[in-house]
Amino acid sequence: MKIERFIIMKYDFTTVLDREGHDSLAYDAPVHGTMNIFPDYKLQEGFDVIPMWIADMSFAVPDFIIENVKKRLEFPVYGYFAYSKEYYQAIIDWQKQQHQVNDLLPENIGYENGVIGGVVNALNILCSKGDKFLIHSPTYNGFSNVISPNGYEMVLSPLIKDNDGVWRMDYEDMERKIVENNLHVALLCSPHNPTGRVWEKEELLKAIEIFERHQVYVISDEIWSDLIFKGYHHTPTQNVNDYAKNHTISFYAPSKTFNLAGMIGSYHIVYNKWLKDRLDKEESLTHYNSMNVLSMHALIGAYTKGNEWLGQLKDILEENSKYAINYINEHFEGVFVSQTQGTYLIFLQCHDWCQKHHLSNDELYLKGLEVGVMWTNGKEYKDNYGMRMNLSLPLSRLKEALDRLDKYVFNG
């Protein structure tokens with residue numbers, strides 16, 4: 001199999017950056033044991049680490065964002081500040097350009113330190129402690145890690161694969177679990193992490209119709225909404241119909257799109273004034289949900305100058321996705337992976353391979369780590385035979401990672 005690159009690039013997506021010594025969790029956690037995230041494993045001699053686990057990119061932040069931050073740094077006062085008109089206008093213009101949102105106003109927008117924390121705050125105003133809510137599985141591990149400690153319980157509705165291998169919502173299962181558990185909140189991941197599924201408007205409408213029948217509020221994580229491949233389109237949950245607009249709290253960020261996770265800075269969009277007032281109040285209680293001034297200028301730089309760069313990034317991510325999926329299908333017998341429609345993630349289903357080779361998913365996971373392929377065990381996503389891989393790295397490194405998995409893991 002051979003995929004040729006015919007894309008003319010203005011920006012650099014091929015340089016392999018040395019992340020050692022640059023405060024990179026993606027690199028430091030598996031190499032230096034930062035935060036005790038990785039299990040005990042021994043990196044075999046002769047292999048370096050290829051970070052493909054945590055969802056940030058191995059590409060450089062574009063120069064126009066760096067210049068915007070530098071410009072603010074030149075003024076030598078970094079005291080308390082107010083969110084600027086330019087900040088709100090950048091979000092409004094970006095949402096209109098990228099997602100055809102035409103009625104967004106500054107009063108609908110609110111700052112978030114992060115989407116996960118925002119989700120917890122939304123649960124705090126929509127639920128009582130001990131309440132259950134609906135969520136699809138595989139389930140983003142960031143949600144799983146915070147739900148129980150904050151006093152809530154997930155009711156999983158598994159996604160199902162159709163005859164073409166496309167992940168779909170199981171509407172009958174969703175409605176049954178809403179009724180059986182008396183649920184009034186659902187958490188959507190749109191586009192979906194970890195499967196890379198971009199929900200069609202008709203799919204979201206069917207889900208919203210179920211939610212409306214049972215008076216279910218929606219929390220919608222749309223952090224991946226800018227990273228959509230050709231032929232697909234992101235529909236903001238709030239754009240589906242009037243019920244969705246008035247019963248949904250949506251979360252966004254430039255962090256996945258422009259590799260700005262370390263800057264900290266997300267935001268919510270809420271149209272219902274009662275919901276907006278309650279969420280703002282909840283987030284004000286600790287006086288902790290506060291933006292960094294440099295984060296504000298990074299977002300403004302990204303959203304006002306980033307369209308061309310984003311277009312080229314999506315071409316690279318789509319090429320990487322197609323290469324990886326073709327390679328896996330051709331070389332890893334017993335491993336299933338769907339063609340992604342967005343994000344920079346793929347989710348491998350390894351049940352048949354593990355059964356044939358009499359290995360557990362944990363043992364398969366460790367085999368990858370030992371040759372430097374830092375992927376994520378699907379158990380974190382409520383899937384006992386899954387593996388998530390981050391493909392936002394130079395193609396040369398992706399090829400190296402897949403070659404190692406071929407020679408030393410799946411066919412070694």
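Predicted model: local features only at pLDDT ≥ 70, side-chain atom pairs only at ≥ 80, totals over all residues.
The axes of helix H3, residues 85-99, and helix H11 come within 9 Å and cross at roughly 35 degrees. Good morning. The crossing of H3 and H11 is left-handed. On the H3 side, the contact is made by Glu 86, Tyr 87, Ala 90, Ile 91 and Trp 94. On the H11 side, Met 296, Leu 299, Ile 300, Ala 302, Tyr 303 and Thr 304 take part. For those new to the subject, two packed helices are described by the angle between their axes and the distance between the axes.

Which residues touch the most other members of the largest nonpolar core? They are Tyr 87 and Phe 211, in a core of 93 residues. Helix H11, which spans residues 293-305, supplies the largest share of this core, namely eight residues. In soluble globular proteins, nonpolar side chains tend to be buried together.

Let us look at Phe 211 in detail. Leaving aside residues up to four places away in sequence, Phe 211 touches Leu 134, Met 174, Ile 178, Ala 186, Leu 188, Val 216, Val 218 and Tyr 243.

I turn now to the sheets. Seven strands form an open sheet with mixed pairing, and their order is E2-E10-E9-E8-E7-E3-E4. At the edges are strand E2, residues 109-112, and strand E4, residues 153-158, each of which pairs on one side only. From one strand to the next, the twist averages 25 degrees. Within this sheet, strand E8 (residues 217-221) and strand E9 (residues 248-252) run parallel and are joined by four bridges. Ile 219 stands opposite Ile 249 in E9.

Which helix packs on this sheet and touches E2, E3, E7, E8, E9 and E10? That is helix H4, residues 115-126, whose direction makes about 165 degrees with that of E9. Helix H10, residues 273-284, lies across E2, E8, E9 and E10, and runs at about 25 degrees to E2.

H4 and H10 also meet one another. They pack at an angle of about 115 degrees, with their axes 9 Å apart, and H4 passes H10 in a right-handed crossing. The residues of H4 in this contact include Gly 118, Asn 121 and Ala 122, and those of H10 include Leu 275, Arg 278 and Leu 279.

There is also an open sheet of three strands, in the order E11-E14-E13, with antiparallel pairing. Its edge strands are E11 (345-349) and E13 (376-377), each pairing on one side only. Five bridges join E11 to strand E14, residues 386-390, and Leu 348 stands opposite Met 387 in E14.

Next, helix H1, residues 25-32. Ala 26, Tyr 27, Asp 28, Ala 29 and Pro 30 are buried there. The buried residues of H1 pack against strand E1 (50-51) and strand E12 (373-374). Just after H1, Gly 33 takes a positive phi of about 75 degrees.

I close with the loops. In the loop between E1 and helix H2 lies Ser 58. Is Ser 58 buried or exposed? Ser 58 counts as buried because its relative accessible area is 12%, and the cut-off for buried is under 20%. The side chains of Ser 58 and Arg 19 are joined by a polar contact of 3.3 Å.

Two peptide bonds in loops are cis. One joins Ser 137 and Pro 138, with omega about 5 degrees; Pro 138 sits in the loop between E3 and helix H5. Another joins Ser 190 and Pro 191, with omega about -5 degrees; Pro 191 is in the loop between E7 and helix H7.

Finally, consider two residues other than glycine with a positive phi. His 287 has a phi near 55 degrees and lies in the loop between H10 and H11. Thr 343 has a phi near 65 degrees and lies in the loop between helix H12 and E11. His 287 counts as exposed, at 73% relative accessibility, whereas Thr 343 is buried, with a relative accessible area of 0%. Thank you for your attention.

Definitions and conventions. Residues numbered from 1 in each chain as written. Heavy atoms only, no water. Core = buried A, V, L, I, M, F, W, Y, C linked by side-chain atoms within 4.5 Å. Buried < 20%, exposed > 50% of the residue type's maximum accessible area, 1.4 Å probe, protein only. Contact = heavy atoms within 4.5 Å. Pairing = 2+ DSSP bridges. Axes fitted to C-alpha atoms, helices over the stretch in contact; angles between N-to-C directions. Polar contact = N/O pair within 3.5 Å; in protein donor to acceptor, adjacent residues only side chain to side chain. Left-handed = near helix turned anticlockwise from the far one by under 90°.
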